[in-house]
Amino acid sequence: MHKMNVKTKYYNLLKSEKKVVELRLFDEKRKQIKIGDEILFSDSSNTNDSFTARVINLHRAESFDKLCQIITPAQAGFTSKEELITVLEEFYTPASQQKYGVLGIEIKKI
């Protein structure tokens, strides 16, 4: 089982199933994730709060900008493409996106 800590705002959206795609760099850790795998998501500010989800699809792209051609910002918990890109670039620089590519992990809570 994979494990991911998520900032509280986005964790709550995932837990309530208002957000169904978790966005990450396609780094070595994320290359291990396959459709059908389970992920234990934890709230980064309260690791006792967690839930499990199954990976139902994986969406790869060169950047978060390009990923928005595959998924909608709403699936990832954002109101617009601009908001999604602005927030994600706080975590992942354009250079790191170019180096690794990005991944949208589509989940279903179990």
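Is E17 buried, partly exposed or exposed? E17 counts as partly exposed, because its relative accessibility is 38%, where buried means under 20% relative accessible area, exposed over 50% and partly exposed in between, with a 1.4 Å probe and protein chains only.

1. Basis of the note. This is a predicted model, in which local features need pLDDT of at least 70 and side-chain atom pairs count only at pLDDT 80 or more, while totals for chains, interfaces and linings use all residues. Residues are numbered from 1 along each chain as its sequence is written, and side-chain values use heavy atoms, with hydrogens and water left out.

2. Residue E17. E17 is placed in the loop between α1 and β2. Helices (H or I, at least four residues) and strands (E, at least two) are DSSP runs numbered from the N terminus. The phi angle of E17 is positive, about 65°, although E17 is not a glycine.

3. The sheet. Five strands make up an open sheet of mixed pairing, in the order β1-β3-β4-β5-β2; two strands pair if DSSP finds at least two bridges between them. The edges are held by β1 and β2, each with a single partner strand, so one side of each is left without a neighbour in the sheet. On average, neighbouring strands are turned by 40° against each other, direction ignored. Axes here are lines fitted to C-alpha atoms, for helices over the stretch in contact, and angles run from 0 to 180 degrees between N-to-C directions.

4. Helix α1 on the sheet. Helix α1 packs on the sheet and touches β1, β2, β3, β4 and β5, contact meaning heavy atoms within 4.5 Å. The direction of α1 makes about 75° with that of β4.

5. Strand pairing. Strands of a sheet pair through backbone hydrogen bonds, either parallel or antiparallel. β1 and β3 run parallel and are joined by five bridges; K3 has L40 in β3 as its bridge partner. β3 and β4 run antiparallel with six bridges, and they form a hairpin with two residues between them. The partner of S42 in β4 is S50. Eight bridges join β4 to β5, also an antiparallel pairing, and N57 is bridged to E106 in β5.

6. The nonpolar core. What does the largest nonpolar core contain? It has 31 residues, and those with the most contacts inside it are L23, F41, F64, F78, L84, L88 and I105. Such a core is a set of buried Ala, Val, Leu, Ile, Met, Phe, Trp, Tyr and Cys residues joined through side-chain atoms within 4.5 Å. Elements that each supply at least two residues of this core include β1 (2-6), α1 (8-15), β4 (46-61) and α3 (81-91). Leaving aside neighbours within four places in sequence, L23 is in contact with residues including F64, F78, L84, L88 and L103.

7. Helix α3. The buried residues of α3 include L84, I85, V87 and L88, and what covers the buried residues of this helix includes α1, β2 and α2. I85 touches F64 and D65, not counting residues up to four places away in sequence. The C-alpha atoms of I85 and S63, which are 22 residues apart along the chain, are separated by 9.2 Å.

8. Aromatic pairs. Five aromatic pairs are found in the whole structure. Rings of Phe, Tyr and Trp (its six-membered ring) pair if their centres lie within 6.5 Å; planes under 30 degrees apart count as stacked, over 60 as edge-to-face and the rest as tilted. Y10 and F78 form a tilted pair, 5.5 Å centre to centre with 35° between the planes. Y10 lies in helix α1 and F78 in the loop between α2 and α3, so the pair ties together parts that are 68 residues apart in sequence. Y10 counts as buried at 11% relative accessibility, and F78 is buried with a relative accessible area of 5%.

9. Aromatic cluster and charge. Y11, F41 and F51 form one aromatic cluster. K109 lies over the face of F51, 5.6 Å from the ring centre; a charge sits over a ring if NZ of Lys or CZ of Arg is within 6 Å of the ring centre and within 35 degrees of the ring normal.
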